[in-house]
Amino acid sequence: MVAPAGGAGQARAASGWLEAAAFVVAIGALSLVYAIGHTVGAHPIAFILYAMLASAAATLAVVGVGPNARRIVLHPASWLVGIAIILIEVFYYQTLAYVAPAHGNLMVRAGVPLAMAFGWAALGRRPPPLAIAGGVAIVGAIAFLVGVTAPEARWPMAVSGILTGLFMVVRGYASEFHPWNRAARTVREKLRVTGLVVLVTSLASVALTALAAAAIASEVLSGSRLVPTVAQLLHAPTILLGCVAGGAILTLMMYLNFASVVKITTENLTAVMAFSPVTVWAFQEVGVMAGLIDAGRPEPRVVAVMVVCIAAVLMIIAAGVRARRRERRTAAPVARPLA
């Protein structure tokens, strides 16, 4: 067998880094669209469900449903993954109702130490000391961020941000142990599994939400801010922005995520994602200059939290890489002298 040319391997890695960078840029764009959604009065549940439906439909239109669609959607883990994906976006969208996008995106960094803690407590995956130090730094930075947030927004933002991080952890570990996701080897296969999972859970969620809205409208149930009204479900800007967020941005993010991981590994993608608060801030500034949103520029102390969180995530990634290198050296066979 002829080994692949070095130039081809370098080109593949370069494209992976570009896709990872594009993924982080897309996070900034998505955050801006979410902030615009709040400006036009889009209800969180309605907005995100339209986005999820559009994303699933666009993904499956490209990759197809495949021969095992029924078995995938009926697997219990699919519902856990799908609901977690929806709730991540619902709570992130809600976080941006209280603070500017750059501020809210930092709050979501709480998911990093939460993932480490769960992996350690539930699966015995003890992080290296340097990674623990990085996790502690993030906890401290997030606590400081909550403390400097305006009192009227402080705790609602903190709760929404932490729940976003929590469901990121649920999604991550549920996807890791999902049998069909584990079996998927190509980007196309992984997109197909995710598209099916999101489609079935978002369809069920839309149906339940519509029934609840109709029951409230007919006074069978009492009203709740958690449930959009019929008018909010039929709000044209909500439908339009939701379809843009899902059909374009979330679908692109899904592709860029899987494509970059295949080429440069999860660790490197995560390292690039550490800079997402910067791209979110950049898109926030664009939105303000264009008159699309009203958001204040981050204070110096919020920027300091941003720097700490970026550095801490890079510490965690570096610790993991070093630990794996040590494991490989330890597991390497020892050469025996010739007789």
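Contact, on this tour, means heavy atoms within 4.5 Å. You're looking at a predicted model, where local features need pLDDT of at least 70, side-chain atom pairs count only at pLDDT 80 or more, and totals for chains, interfaces and linings use all residues. Residues are numbered from 1 along each chain as its sequence is written, and side-chain values use heavy atoms, with hydrogens and water left out.

**Stop 1: Gly28**

Select Gly28, which sits in helix H1; helices here are DSSP runs (H or I, at least four residues), numbered from the N terminus. Gly28 has 0% relative accessibility, so it counts as buried (under 20% relative accessible area; exposed is over 50% and partly exposed in between, with a 1.4 Å probe and protein chains only). Leaving aside residues up to four places away in sequence, Gly28 touches Thr279, Val280 and Phe283. Now put a distance on the C-alpha atoms of Gly28 and Phe283: they are 5.6 Å apart, although 255 residues separate them along the chain.

**Stop 2: the nonpolar cores**

Next, colour up Tyr34, Phe47, Ile48 and Met253. Of the 56 residues in the largest nonpolar core, these touch the most other members. A core here is a set of buried Ala, Val, Leu, Ile, Met, Phe, Trp, Tyr and Cys residues joined through side-chain atoms within 4.5 Å. Two or more residues each come from helix H1 (6-39), helix H2 (44-63), helix H3 (69-74), H4, helix H10 (187-217) and helix H12 (236-273). Zoom in on Met253 and you'll find Phe23, Ala26, Ile27 and Leu30 touching it, not counting residues up to four places away in sequence. Another core, of 25 residues, lies apart from the largest one, and includes Val146, Ala153, Met157 and Ala158.

**Stop 3: aromatic rings**

Show the rings of Phe, Tyr and Trp (its six-membered ring): they pair if their centres lie within 6.5 Å, with planes under 30 degrees apart counted as stacked, over 60 as edge-to-face and the rest as tilted. By that rule there are 6 aromatic pairs. Phe91 and Phe167 have ring centres 5.9 Å apart and planes at 5°, so this pair is stacked. Phe91 belongs to helix H4 (residues 76-95) and Phe167 to helix H8 (residues 151-177), so the pair ties together parts 76 residues apart in sequence. Tyr34 and Phe47 come back here too, forming one aromatic cluster with Tyr92 and Tyr93.

**Stop 4: two helices against H12**

Hide everything but H2 and H12. They pack at an angle of about 45°, axes 7 Å apart (axes are lines fitted to C-alpha atoms over the stretch in contact, and angles run from 0 to 180 degrees between N-to-C directions). Among the residues making the contact are Phe47, Tyr50 and Ala54 of H2, and Gly242, Gly246 and Leu250 of H12.

Val187, Lys190, Leu191 and Thr194 of H10 meet Met254, Tyr255, Phe258, Ala259 and Val262 of H12.

**Stop 5**

Pick Asn181 in helix H9 (residues 179-183). Is Asn181 buried or exposed? At 13% relative accessibility, Asn181 counts as buried. Asn181 touches Ser175, Lys190 and Val193, not counting residues up to four places away in sequence.

Finish at Glu219, in the loop between H10 and helix H11 (230-233). Its relative accessibility of 70% makes Glu219 count as exposed. Check the backbone as well: phi of Glu219 is near 65°, a positive value in a residue other than glycine. Most residues other than glycine have a negative phi.
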